[in-house]
Amino acid sequence: YGLNKIYLCIMMFFLFVLSGIRGDFATDYVNYNWSYQNVYSAETIIELLRRREFGFAFINKIAFFINSNTVTFMLIISALTTFCYYIMFEKYSEDYLVSLIMLVVLDNYVISFNLTRNILACAFFLLSSELIINKKLLQYLICVLLITTIHKSAILMLPMYWILKFDFRIKKHQIFPLLCIVGGIIFMLFF
């Protein structure tokens, strides 16, 4: 187990560095670079708070305070994202190698080169999903609202608490109404 954990750390470090120093080969990199250099660097904290996605703007501001090079910003975003994946792998994965392969092959990692903000929000949501399992509604709602400050689409995750708690198994007494609805839809489409 100890060797597997070391292997996981090495691989996550490799993914972190690759994502952080990737440079300008993804289409959104130019936009992130321009915003980092021109918009977020010039705004005050009060101006950042007025933005809809002030959490992301605040990360930009912190990164710019450390260094004005866009690579610093990308390294910070990459560190946050890969750290979230690391925590989830360490906590829930029975086989780190399979988890890493799935992360890369299913395009969750590679797409982060282009959809940086969105994937960061998804990584934070992945961490907050444990709150659904543990039935901690208030903490879950707070986390989703905070994640929304990074990417506004995260607000769509609010109903996930209730959706994932719903029992979707079809019971015998539910089959007839379900068949009626499906039959009615098919009838309306084809007749």
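Predicted model: local features only at pLDDT ≥ 70, side-chain atom pairs only at ≥ 80, totals over all residues.

**Stop 1: aromatic rings**

The structure holds ten aromatic pairs. Rings of Phe, Tyr and Trp (its six-membered ring) pair if their centres lie within 6.5 Å; planes under 30 degrees apart count as stacked, over 60 as edge-to-face and the rest as tilted.

Select Phe-83 and Tyr-86, a stacked pair with 6.4 Å centre to centre and 20° between the planes. Both residues lie in helix 5 (residues 70-92), three residues apart, about one turn of the helix. Helices (H or I, at least four residues) and strands (E, at least two) are DSSP runs, numbered from the N terminus. Phe-83 is partly exposed, with a relative accessible area of 48%, while Tyr-86 counts as buried at 14%. Buried means under 20% relative accessible area, exposed over 50%, and partly exposed in between (1.4 Å probe, protein chains only).

Next, select Tyr-161 and Trp-162, which form an edge-to-face pair: 5.5 Å centre to centre, with 75° between the planes. Tyr-161 is buried at 9% relative accessible area, and Trp-162 is partly exposed at 47%.

Local features need pLDDT of at least 70, side-chain atom pairs count only at pLDDT 80 or more, totals for chains, interfaces and linings use all residues, and side-chain values use heavy atoms, with hydrogens and water left out.

**Stop 2: a charge over a ring**

Select Arg-117 and Phe-56. Arg-117 lies over the face of Phe-56, at 5.7 Å from the ring centre. The rule for this asks that NZ of Lys or CZ of Arg is within 6 Å of the ring centre and within 35 degrees of the ring normal.

**Stop 3: cysteines**

How many disulfides are there? The count comes to zero, where a disulfide is a pair of cysteine sulfur atoms within 2.5 Å. Select Cys-84, which is in no disulfide; the nearest cysteine sulfur, that of Cys-122, is 11 Å away. Cys-84 is buried, at 1% relative accessibility.

Then select Cys-143. Cys-143 is partly exposed, at 26% relative accessibility.

**Stop 4: the cavity**

There is one cavity of 30 Å³ or more. On a 1 Å grid over the protein atoms alone, a cavity is a set of points where a 1.4 Å probe fits but cannot get out; lining residues have an atom within 4 Å of a point. About 100 Å³ of space lies in the largest cavity, a volume being the space filled by probe spheres set on the points, which are joined across faces, edges and corners.

Select Ser-19, Ile-77, Ser-78, Thr-81 and Ser-112: of the 13 residues that line the largest cavity, these are the closest to its centre. Helix 5 gives the most to this lining, with six residues.

**Stop 5: a loop residue**

Finally, select Lys-135, in the loop between helix 7 and helix 8 (137-148). Phi of Lys-135 is near 55°, a positive value in a residue other than glycine. Most residues other than glycine have a negative phi. Lys-135 is exposed, with a relative accessible area of 60%.

Key: Residues numbered from 1 in each chain as written. 1 Å grid on protein atoms, 1.4 Å probe; cavity = no way out; pocket = protein on both sides within 12 Å on 5 of 7 lines; lining within 4 Å.
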